[in-house]
Amino acid sequence: MNNFYVYAYLDPRKIGKYTYGELSFDYEPFYIGKGTKNRCYSGIRDKIKSLKTCKIRSLIDSGNFPIVTKIYENISNEEACSLEIESIKKIGRIDLKLGPLTNLTDG
């Protein structure tokens, strides 16, 4: 079934034109994930301490909230896995000093 998607969390405090290949955002991306149903919103409530949750807490403490956008929709799980990995690679992980993403794995 093609009910999967790939999503991005964007930082509303960092307005600009952020382009990575065919991916383009009006705010700086800080996390890429894949899911179905409401997965893209449940990650915002994660309790495990990580770069992503620290960034989200920082946003909320400053009176903001992550912008959630689906960048690929109506795709299979296999396509979502592949596009998540590809998107993370294009944008770059902060822990590897390759970009702004708080992802700690390649997807």
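Modeller: Let us begin with K52, which is buried, since its relative accessible area is 6% and buried means under 20% relative accessible area, exposed over 50% and partly exposed in between (1.4 Å probe, protein chains only). This is a predicted model, in which local features need pLDDT of at least 70 and side-chain atom pairs count only at pLDDT 80 or more, while totals for chains, interfaces and linings use all residues. Residues are numbered from 1 along each chain as its sequence is written, and side-chain values use heavy atoms, with hydrogens and water left out.

Biologist: In which helix does K52 lie?

Modeller: Helices (H or I, at least four residues) and strands (E, at least two) are DSSP runs, numbered from the N terminus. K52 falls within the run of residues 51-61, which is helix 2.

Biologist: Why do the buried residues of helix 2 lie on the same side?

Modeller: The buried residues of helix 2 are K52, T53, K55, I56 and L59. They lie on the same side of helix 2 because the arc they cover around the axis, taken from the directions from the helix axis to the C-beta atoms, is only 160°.

Biologist: Against which strands do the buried residues of helix 2 pack?

Modeller: Contact here means heavy atoms within 4.5 Å. K52, for one, touches Y9, F30, Y31, G43, D46 and T102, not counting residues up to four places away in sequence. The buried residues of helix 2 pack against strand 1 (4-20) and strand 2.

Biologist: How many bridges join strand 1 to strand 2?

Modeller: Two strands pair if DSSP finds at least two bridges between them. Strand 1 and strand 2 run antiparallel, and A8 stands opposite I32 in strand 2. The number of bridges that join strand 1 to strand 2 is eleven.

Biologist: Is D95 buried, partly exposed or exposed?

Modeller: D95 is found in the segment after helix 3, and, leaving aside its neighbours within four places in sequence, D95 is in contact with L101, N103 and L104. Because its relative accessibility is 34%, D95 counts as partly exposed.

Biologist: How far apart in space are D95 and L51, C-alpha to C-alpha?

Modeller: In sequence, D95 and L51 are 44 residues apart. In space, C-alpha to C-alpha, the distance between D95 and L51 is 9.0 Å.
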